[in-house]
Amino acid sequence: MKSINTAIQESKSFLYSTAVISPMDWQGQKLAEHLMQLLLVCFAVVAFITGYVLRSFQMMMLIYGAGVVLTSLLIVPNWPFFNRHSLNWLDPSEAEKHPKPHPAISGPKKKTSKK
Amino acid sequence: MHSFSYRANALLTFAITILALMCAMASVSDNFNSPSPTSEVQVLNINWFQKKPDGDDEVSLTLNISANLGSLFTWNTKQVFVFLAAEYQTPKNVLNQVSLWDGIIPSKEHAKYWIHTTNKYRFIDQGSNLRGKNFNLTLHWHVMPKTGKMFADKIVMTGFRLPEAYR
């Protein structure tokens, strides 16, 4: 019994750490934005046409609402397929070889010196 | 799109903007509806016709109102508000309109209306001008939409006359 509970807790925290709080890479963000716009517009068009043809306002709202929920499930959590092109940040040792320039302390025309 | 809350916010904002556009389009689609309503009113009886103590005339009528307002309903119609007004002219006012009865039609199934009633609201004049008066009975309606613009129109039925003397 206790092992099932701990398994549930662990999977929840795993989901939280991957799908909710971890960041998405740049290609994934672009994909998410395009997917969101495309899906919502498509669902809106389908919903309007269906509602108009069936003469039912409620059908239009139901189809569109389902579309919004589906789109939110697809793009809001940070699914793995959004993270295929991960960024390669510089290693700390590589960064030390190119330190930040120090700002000039006296005189406005003094050039900053790079090591 | 860099975080969960950012994406959720962007999605909700875009979804609601699109919803507003859909509702505007639904309202515009109402303009393509060309309705053809019909109605007929008969004054069955003048119940009484008196001058009140403060000097104003009052009349009570029994009416038979029948109307077919089904063609007014579109997919974007919530209900139709209909009322019957008596219209006449007096020396004091060019147009007097007195609402005698109103009702709400909630759906197309109820739109073939037939009702036999006395006037729901009192027919009182501003003054004492109603003896022998010719008046029109006008059926007004307001098509109330689910979203967007409300349309209002009327049918004028002429040829009604009040008696010459009080009863």
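Guide: Two residues count as in contact when their heavy atoms lie within 4.5 Å. The model is predicted.

Visitor: How many residues does the contact take from chain A and from chain B?

Guide: By that cut-off, the contact takes 28 residues from chain A and 22 residues from chain B.

Visitor: What makes up the area buried between chain A and chain B?

Guide: Buried area is what two parts lose in accessible area on being put together, summed over both. Here the total is about 2300 Å², and carbon and sulfur atoms give 80% of this area. On the chain A side, F48(A), F57(A) and V76(A) supply 28% of the area buried against chain B.

Visitor: How many salt bridges does the rule find across the interface of chain A and chain B?

Guide: The rule asks for a side-chain nitrogen of Lys or Arg within 4 Å of a carboxyl oxygen of Asp or Glu. Across the interface of chain A and chain B, the count is 0.

Visitor: Why is one space called a pocket and another a cavity?

Guide: A pocket is an open set of points, whereas from a cavity a 1.4 Å probe cannot get out, so the two get separate names. The largest pocket has a volume of about 220 Å³. It has 13 lining residues, and the closest to its centre are N33(B), P35(B), L72(B), V143(B) and F151(B). The largest cavity holds about 30 Å³. The count comes to 1 cavity of 30 Å³ or more.

Visitor: Which strands supply at least two residues each to the lining of the largest pocket?

Guide: Strand 7 (134-145) and strand 8 (151-161) of chain B. Strand 8 of chain B gives the largest share, 3 residues. By class, the pocket lining has 7 nonpolar, 4 polar and 2 charged residues.

Visitor: What classes of residue line the largest cavity?

Guide: Its lining is I65(B), A67(B), L69(B), V82(B), W101(B), I105(B), Y113(B) and L139(B). Ala, Val, Leu, Ile, Trp and Tyr count as nonpolar. The tally is therefore 8 nonpolar, no polar and no charged residues. Strand 2 (57-68) and strand 4 (96-105) of chain B each supply at least two of the lining residues.

Terms used:
Residues are numbered from 1 along each chain as its sequence is written. Chains are lettered from A and ligands numbered from 1 in the order in which they are written. This is a predicted model: local features need pLDDT of at least 70, side-chain atom pairs count only at pLDDT 80 or more; totals for chains, interfaces and linings use all residues. Side-chain values use heavy atoms; hydrogens and water are left out. On a 1 Å grid over the protein atoms alone, a cavity is a set of points where a 1.4 Å probe fits but cannot get out, and a pocket is an open set with protein on both sides within 12 Å along at least five of seven lines; lining residues have an atom within 4 Å of a point. Grid points are joined across faces, edges and corners, and a volume is the space filled by probe spheres set on the points. Helices (H or I, at least four residues) and strands (E, at least two) are DSSP runs, numbered from the N terminus. Buried area is the accessible area (1.4 Å probe) that two parts lose on being put together, summed over both.
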